[in-house]
Amino acid sequence: MWRTKGFPDTTVADICRAAGVSKALFYFYFPRKEDALLEAGFLSTRDARHKWRELVAEPYDLPDVIFKVLATLEQTMRRNPPELLIHTTLEGYRAEQRALAEHPSDEHHATRFLFLGLLEHAQADGRIPADLDVLHLARVVQTLLETGTRHWASGEYGERGFAEVVGHDITAFIAGYSQLRKRDTGD
């Protein structure tokens, strides 16, 4: 429904009618329709999360894994209208701000960072410095990912693909951040 009718014009009643469920059941699982959108967004990253796990099961190159994960995500995103991608990204920002406001010291919201698990794995494998703050790194990478999604969905990348542009941004940031950390620690 969001693909055809658009997110703003789709009501909870529309969703319930199409799914054949009551509003009470919908609200049992989702306090707001935006929460259902976030869950759908999280589910849409499932293939990308599986991709990195598959790729690191054998010897791997971290930038190559990042590009392949983003290519998998791009395939999923191409099935959705740009407006839906933008709504999902913006709602992700709002949800993170709500979580931080309600529980400033709680890091449960970190699970939404697509690359956190990969970065932790790469750190354990020695591909990024052991003393690097991987959660901070994942936060910044997530920001690059979300900003890149909005710009790609708006057509700002022209003929260039999402994985190409955002992959370069993410890998350049990780390499630069790692180099700064090595310089700061004298390694």
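1. Basis. The structure is a predicted model, in which local features need pLDDT of at least 70 and side-chain atom pairs count only at pLDDT 80 or more, while totals for chains, interfaces and linings use all residues. Residues are numbered from 1 along each chain as its sequence is written, and side-chain values use heavy atoms, with hydrogens and water left out.

2. Overall fold. The chain has ten helices and zero strands; helices (H or I, at least four residues) and strands (E, at least two) are DSSP runs, numbered from the N terminus. The C-alpha trace spans about 60 × 40 × 30 Å along its principal axes.

3. Helices H7 and H9. The axes of H7 (residues 82–102) and H9 come within 8 Å and cross at roughly 155 degrees; axes are lines fitted to C-alpha atoms, for helices over the stretch in contact, and angles run from 0 to 180 degrees between N-to-C directions. H7 and H9 are therefore roughly antiparallel to each other, a term for angles over 145 degrees, with under 35 counted as roughly parallel, 65 to 115 as roughly perpendicular and the rest as oblique. The contact (heavy atoms within 4.5 Å) involves Pro-82, Leu-85, Ile-86, Thr-89, Leu-90 and Tyr-93 of H7, and Thr-143, Glu-146, Thr-147, Thr-149, Arg-150, Trp-152 and Ala-153 of H9. By class, the contact of H7 with H9 has seven nonpolar, four polar and two charged residues. Here Ala, Val, Leu, Ile, Met, Phe, Trp, Tyr, Cys and Pro count as nonpolar, Asp, Glu, Lys and Arg as charged, and the others, Gly among them, as polar.

4. Helices H6 and H9. H6 (residues 62–77) packs against H9 (residues 134–153) at an angle of about 40 degrees, with the axes 13 Å apart; H6 and H9 are therefore oblique to each other. From H6, Leu-70, Leu-73, Glu-74 and Met-77 meet Leu-145, Thr-149 and Trp-152 in H9. The residues of this contact comprise five nonpolar, one polar and one charged.

5. Largest pocket. A pocket is an open set of points on a 1 Å grid over the protein atoms alone, where a 1.4 Å probe fits, with protein on both sides within 12 Å along at least five of seven lines; lining residues have an atom within 4 Å of a point. The largest pocket has a volume of about 1,100 Å³, volume being the space filled by probe spheres set on the points, which are joined across faces, edges and corners. Of its 39 lining residues, Leu-37, Leu-38, Gly-41, Phe-42 and Thr-88 are the closest to the centre. H7 gives the most to this lining, with ten residues.
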